[in-house]
Amino acid sequence: MPMKLAEVLTVLAVLLAPVVAVQVQKWLELFREDRARKLWIFKTLMATRAATVSPEHVQALNMIDLEFRGTRYRPVTAAWKTYLDHLNSYPKDDEKRQPVWGERRVDLLAALLLAMGQALGYEFDDVHVKKGIYAPEAHGRLEVENMLIRRGLLRILYGDADLKMKVTSFPVSNESLAEQKALRDAIQQLLDGKRSLPVAVSKKDDAGGNT
């Protein structure tokens, strides 16, 4: 007796259900892993937005192109490209422009974090991203000092600056000091007429000998 279409579909559904369930489970796992990587980047950037030269912050930035792909994340990649272009244009030889550059950097980083947060389902405003963070003053000073130290060392290594040295003393032995003092005293006595310089006079005979 031939099977009806409904019966065939029922059998197929029973047979394919385990395969479909496994495939769906794999898709869900891939989705969770993909979202977890994106969340790690976003949370790391948010947590280190006051320490932009830290290794964690730089690593998270460099992973944006790898993880945020596709039309859905186009606002994120566009904001990242703009921010990256600004980072690469640091006016290191123009100290007057550096404060302006720094303010612009903060604005562009905030725009990047806002775009990333919206793509991942987080709602933040511009003020919260810029100011809603605890950053101890000591950490800021330490970051600036480390940057200055690195710059100074690089200038010395590349020959653009000299290493200043101040010599306060030379290592000498007590015996050498005593000999130098005795020599100075003897010369001073000669100059003052308090001491005479012994002179020996010898006379040679016709044969060439001394008498």
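Predicted model: local features only at pLDDT ≥ 70, side-chain atom pairs only at ≥ 80, totals over all residues.
Residues are numbered from 1 along each chain as its sequence is written.

The secondary structure of the protein chain consists of eight helices and zero strands, where helices (H or I, at least four residues) and strands (E, at least two) are DSSP runs numbered from the N terminus. From the N terminus on, the order of elements is α-α-α-α-α-α-α-α. Of the 211 residues of the protein chain, 19% count as buried; buried denotes under 20% relative accessible area, exposed over 50%, and partly exposed the range in between (1.4 Å probe, protein chains only). Among contacts (heavy atoms within 4.5 Å) between residues at least 6 apart in sequence, 50% join residues at least 24 apart.

In soluble globular proteins, nonpolar side chains tend to be buried together. In the present model, the largest nonpolar core comprises 25 residues, and those with the most contacts inside it are L45, I64, F68, V76, L112 and M116. Such a core is a set of buried Ala, Val, Leu, Ile, Met, Phe, Trp, Tyr and Cys residues joined through side-chain atoms within 4.5 Å. Two or more residues are given to this core by each of α1 (5-47), α2 (55-62), α4 (74-87) and α5 (98-119). The most comes from α5, with nine residues. Apart from neighbours within four places in sequence, L112 is in contact with L61, I64, V76, A79, W80 and Y83.

Within α4, the buried residues are V76, T77, A79, W80, Y83 and H86. Their cover includes α2, α3 (64-67) and α5. A78, also located in α4, counts as partly exposed because its relative accessibility is 40%. The C-alpha atoms of A78 and L112 are separated by 8.5 Å, although these residues lie 34 residues apart along the chain. The 14 residues of α4 should span 20 Å at 1.5 Å a residue, in agreement with the 20 Å between its end C-alpha atoms; the expected span is 1.5 Å times one less than the number of residues.

T44, in helix α1, counts as buried because its relative accessibility is 11%. Not counting residues up to four places away in sequence, T44 touches E56 and A60. E67, in helix α3, is likewise classed as buried, at 9% relative accessibility. Its contacts, leaving aside neighbours within four places in sequence, are with D34, R37, K38 and I41. E67 and T77 are 10 residues apart in sequence, with a C-alpha to C-alpha separation of 9.9 Å.

The second largest pocket holds about 320 Å³ of space. On a 1 Å grid over the protein atoms alone, a pocket is an open set of points where a 1.4 Å probe fits, with protein on both sides within 12 Å along at least five of seven lines, and lining residues have an atom within 4 Å of a point. Grid points are joined across faces, edges and corners, and the volume is the space filled by probe spheres set on the points. The lining consists of Y90, K92, D93, E95, Q98, L148, R151 and L154. Helix α7 (residues 137-157) gives the most to this lining, with three residues.

Technical notes
Heavy atoms only, no water.
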